[in-house]
Amino acid sequence: MPVQIALFNHKGGVSKTTTCFNLGWMLAEKGKKVLLVDCDPQCNLTGMTLGFKGEEELKIVYEAEGVRNIRDGLAPAFESRPELLKPVICEEVPGQPNMYLLPGHLGLAEYEVTLGIAQELSGSLVTLQNLPGSLRYLFDITANSIGADIVIVDMSPSLGSVNQNLLMTSDFFIVPMTPDYFSVMATDSLASVLPKWKKWAIQAQSNPTLLEASYPFPQTTPRFLGTVIQKYRLRKQGQPSAAFQNWINELNRGVKETLLPALEANDMTLCEAAYQNAGIEAGNPILQMSDFNGLIALSQKHQAPVFSLTDEQLVQTGIVLERTDRKSVV
Ligand SMILES: Nc1ncnc2c1ncn2[C@@H]1O[C@H](COP(=O)(O)OP(=O)(O)OP(=O)(O)O)[C@@H](O)[C@H]1O
Ligand SMILES: [Mg+2]
């Protein structure tokens with residue numbers, strides 16, 4: 001069974017999608033077979049991975065033969081069709097043979113309300129019993145169809161029912177953040193929302209109707225891997241500027257004093273030794289990354305992660321200065 005990692009923060013624009021792409025590529029480069037799943041109706045991950053600029057190009061993928069995106073993959077369950085879910089035909093990722101994409105769809109937003117009702121009623125309505133377990137089931141059969149070991153889930157910036165489901169049916173999660181006041185606020189709200197979601201998941205996992213469903217609710221607990229802090233400006237010495245450092249300190253304090261204890265109390269963390277073995281202190285960011293500046297535009301242009309932009313790709317555009325920047329993120 002593939003391992004599923006979700007990238008989640010209900011705060012928007014904190015680099016969830018960019019991190020999915022770069023992390024997935026790095027894992028693929030290390031020999032893992034990776035499936036990226038675009039669960040955000042904005043479809044940014046799909047656009048970025050396939051190099052699309054608009055709806056028209058997405059339509060070509062959707063209209064090809066077979067089940068080609070997340071909405072169509074889930075449709076038999078959400079539209080009560082008498083057929084089992086089938087693996088989605090994934091897109092190959094240009095330049096990275098070990099990574100695949102399960103494309104997103106704007107229409108996933110239309111399932112938000114139905115899934116919310118199914119989750120509220122927690123299995124008391126048999127006609128909705130297949131919905132809570134259907135997302136993880138679809139990702140598992142799709143990952144198995146291409147032999148993927150790791151599924152990386154890109155989520156929208158919201159606290160809606162789809163995200164509640166995606167997070168609570170993942171095995172691990174990472175919280176991307178940017179050093180500002182809004183991310184500090186988001187840390188507090190995550191500390192209050194995630195324990196409620198955990199209580200719901202515990203009930204769902206023992207609910208007889210959900211257990212008997214065609215897609216039983218998964219018996220997993222999402223464990224917090226850590227935060228990733230990005231997009232700050234540097235001082236000359238390669239350190240965050242003073243203003244950004246203050247926000248980074250605030251974020252780390254919020255995570256250690258509020259979020260981590262709430263997660264620990266709800267059995268949503270790894271054991272202490274696991275963080276130590278990875279060389280991080282629980283609550284400290286697993287990665288801090290300065291602003292990519294112009295490299296982000298090049299990364300999107302070439303559909304390649306920042307760390308593997310070639311000298312040629314950099315030189316073509318004459319961005320000499322940023323070669324230094326790139327080296328600092330490799
Ligand atoms: N380290 C970085 N340096 C500079 N720009 C970045 C960095 N990471 C992401 N960006 C840019 O910041 C913007 C937001 O990033 P991204 O779309 O990955 O965030 P997100 O959390 O997925 O947003 P949303 O909540 O809307 O889904 C994008 O324009 C992206 O190109
Ligand atoms: Mg995004």
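This is a friendly dialogue on how to read some features of the predicted model shown above.

Reader: I'd like to begin with the sheet. In what order do its strands lie?

Author: Let's take the general idea and then the case. Strands of a sheet pair through backbone hydrogen bonds, either parallel or antiparallel. Here 8 strands make an open sheet, and reading across it gives β3-β4-β2-β5-β1-β6-β7-β8, with mixed pairing. At the edges stand β3 (91-93) and β8 (287-290); each has a single partner strand, so one side of each is left without a neighbour in the sheet. On average, neighbouring strands of this sheet are turned by 25° against each other, direction ignored.

Reader: How many bridges join β1 to β5 and to β6?

Author: With β5, β1 pairs in the parallel sense over 5 bridges. With β6, β1 again pairs in the parallel sense, over 3 bridges. You can follow this residue by residue: Leu7 stands opposite Asp154 in β5, and the partner of Leu7 in β6 is Ile174. Ala6 has Phe173 as its bridge partner in β6.

Reader: Are β1 and β6 mostly covered or mostly open?

Author: Mostly covered. In β1, 4 of the 5 residues are buried, and in β6, 5 of the 6 residues are. When you look along a strand, remember that in a regular strand the side chains alternate between the two faces of the sheet.

Reader: Which residues have the most contacts inside the largest nonpolar core?

Author: In soluble globular proteins, nonpolar side chains tend to be buried together. The largest nonpolar core in this model has 78 residues, and Leu35, Val37, Ile152 and Val153 have the most contacts inside it. Helix α10 (residues 242-265) gives the most to this core, with 8 residues. Another core, of 6 residues, lies apart from it and includes Leu295 and Val306. For a close look at one residue, take Val37: leaving out residues up to four places away in sequence, Val37 touches Ile70, Leu102, Phe139, Val151, Ile152, Val153 and Asp154.

Reader: Now the ligand. Which residues come nearest to ligand 1?

Author: There are 17 residues around ligand 1, and Gly12, Thr17, Thr18, Pro157 and Phe292 come nearest. By class, the shell has 5 nonpolar, 8 polar and 4 charged residues. Helix α1 (16-29) and strand β7 (223-232) each supply at least two residues of this shell; α1 gives the most, with 3.

Reader: Where does Pro157 lie?

Author: Pro157 is in the loop between β5 and α7. With 17 C-beta neighbours inside 10 Å, Pro157 counts as partly exposed. Leaving aside neighbours within four places in sequence, Pro157 is in contact with His10, Lys11 and Gly12. The C-alpha atoms of Pro157 and Asp40 are separated by 8.2 Å, although these residues are 117 apart along the chain.

Reader: What should I look for in the backbone angles?

Author: Most residues other than glycine have a negative phi, and most peptide bonds are trans. Ser15 is not a glycine, yet its phi is positive, about 85°. Asp267 also has a positive phi, near 55°.

Reader: Are Ser15 and Asp267 buried or exposed?

Author: Ser15, in the loop between β1 and α1, is buried, with 21 other C-beta atoms within 10 Å. Asp267, in the loop between α10 and α11 (272-277), counts as exposed, with 10 C-beta neighbours inside 10 Å.

How values were computed. Residues numbered from 1 in each chain as written. Chains lettered and ligands numbered in written order. Predicted model: local features only at pLDDT ≥ 70, side-chain atom pairs only at ≥ 80, totals over all residues. Near = placed C-beta within 6 Å. Nonpolar A, V, L, I, M, F, W, Y, C, P; charged D, E, K, R; others polar. Pairing = 2+ DSSP bridges. Axes fitted to C-alpha atoms, helices over the stretch in contact; angles between N-to-C directions. Buried ≥ 20, exposed ≤ 12 C-beta atoms within 10 Å, placed from the backbone. Core = buried A, V, L, I, M, F, W, Y, C linked by C-beta atoms within 7 Å. Contact = placed C-beta atoms within 7 Å.
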